[in-house]
Amino acid sequence: MGVTASRVPGGDGATVVTSQKVREGRVDAYKRWQEKTNHVAEGFDGFEGAELYPPDSGEENEWVVVFRFSRVDQLTAWLDSGARRRLLDEAQLLFDGTPTQEVLAGGAPAPQEPSAVTAVISHSVRPGKERDFMRWQDKVLKAQEKHPGFMGTELFEPVEGIQDNWVVVFRYDTRDNLDEWLASAEREKLLHEGRQYFSSYDVRKIGSAFSGWFRFGEGDEEGIPSNWKQAMSVVLALYPTVMVLNLTVGKEFDDWGIPGYLSLFISNVLSVSILTWVLMPLVNRALAFWLLPSRARSARTHVGGALVVMLCWAVFILVFGLTTD
């Protein structure tokens, strides 16, 4: 597996973005291997979290994994470790082709939005064309700023002695807006111009469904919870919200003769608003010991937090079962 690294000022954190095509019929085995790999990485100094992003429907079976560490040297220790090499040897039959990855060193943490997506583009810049490439990137940025949904970008320069690629990371508020930009005639024109400065480039898209509900304060760098923890936490807040709305405003809607399709829409607006601005911030604070990757380091914490959430589920089910009957 080839490693590329990039550096920008603005922070000591380090992130590795790995893209790998999983063989047909080996997805379940890959997931088990990736879970094992995450568990091994947790034991290394500086580990902050790992996120797994499945491929979109209709796209190739390419999975993206993001690992976050506190510092570049700690991430490098994980990448160069014998434990990781053994894991890669173990997974050779799971992958179709050689996985690729970029290491992003430094950079400012970006605010999360529920449907935001990130594109990671690695460029092989032609020798002597570095300044021209940077000026071209400025031109691309000016075009992106006018495109709907653009949320920001960062340019990661090569690290001397490690690799030569330049990496651009940019975010859009929705997958549709990102895809529209990537397929736009304006970008195609810019790419045609930029090919005199770089010989090749590679694009990967990353997104997370619930990220916007997991803010632990502006500028916080403790990471985003795993998707399964996000889902469990959302259900914890969503179930009582929906039940209370059904028992209160839902009955009122029936009495007022409001059509079902309209009352369902209003209920959805109310429930999402309550979750986003009231309940999820409370759940985040109460379960921070379990949700935050920087705090949930041990298996006991992972299991204990999950049991707490499931116990709360059971209490809600019991309470509503008794009261509604």
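Predicted model: local features only at pLDDT ≥ 70, side-chain atom pairs only at ≥ 80, totals over all residues.
**Cores**

The largest nonpolar core holds 22 residues, and those touching the most other members are Tyr30, Trp33, Phe67, Leu75, Trp78 and Leu94. At least two residues of this core come from each of β2 (14-21), α1 (27-42), β3 (47-53), β4 (62-69), α2 (72-79) and α3 (82-90). Another core, of 20 residues, lies apart from it and includes Ala143, Phe150, Val168 and Trp181. In soluble globular proteins, nonpolar side chains tend to be buried together.

Tyrosine 30 belongs to the largest core. Leaving aside residues up to four places away in sequence, tyrosine 30 touches Gln20, Val22, Leu52, Trp63, Val65, Leu94 and Phe95.

**Strand β2**

Strand β2 is largely enclosed by the rest of the structure, because 7 of its 8 residues are buried. β2 and β4 run antiparallel and are joined by 8 bridges. Within this pairing, glutamine 20 has tryptophan 63 of β4 as its bridge partner. Both Gln20 and Trp63 are also among the residues that tyrosine 30 touches.

Serine 19 is part of β2. Its relative accessibility is 2%, so serine 19 counts as buried. Not counting residues up to four places away in sequence, serine 19 is in contact with Glu62, Trp63, Val64, Pro99, Thr100 and Arg204.

**Helix pairs**

| Helix pair | Angle | Axis separation |
|---|---|---|
| α1 and α3 | about 175° | 11 Å |
| α7 (residues 227-247) and α8 (residues 249-256) | about 35° | 3 Å |

On the α1 side the contact is made by Trp33, Lys36, Thr37 and Val40, and on the α3 side by Ala83, Leu87, Leu88 and Glu90. These residues divide into 5 nonpolar, 1 polar and 2 charged.

In the second pair, Leu245, Asn246 and Leu247 of α7 meet Val249, Gly250 and Lys251 of α8. The residues of this contact comprise 3 nonpolar, 2 polar and 1 charged.

Definitions and conventions. Residues numbered from 1 in each chain as written. Heavy atoms only, no water. Core = buried A, V, L, I, M, F, W, Y, C linked by side-chain atoms within 4.5 Å. Buried < 20%, exposed > 50% of the residue type's maximum accessible area, 1.4 Å probe, protein only. Helix = DSSP H or I, 4+ residues; strand = E, 2+ residues; numbered from the N terminus. Contact = heavy atoms within 4.5 Å. Axes fitted to C-alpha atoms, helices over the stretch in contact; angles between N-to-C directions. Nonpolar A, V, L, I, M, F, W, Y, C, P; charged D, E, K, R; others polar. Pairing = 2+ DSSP bridges.
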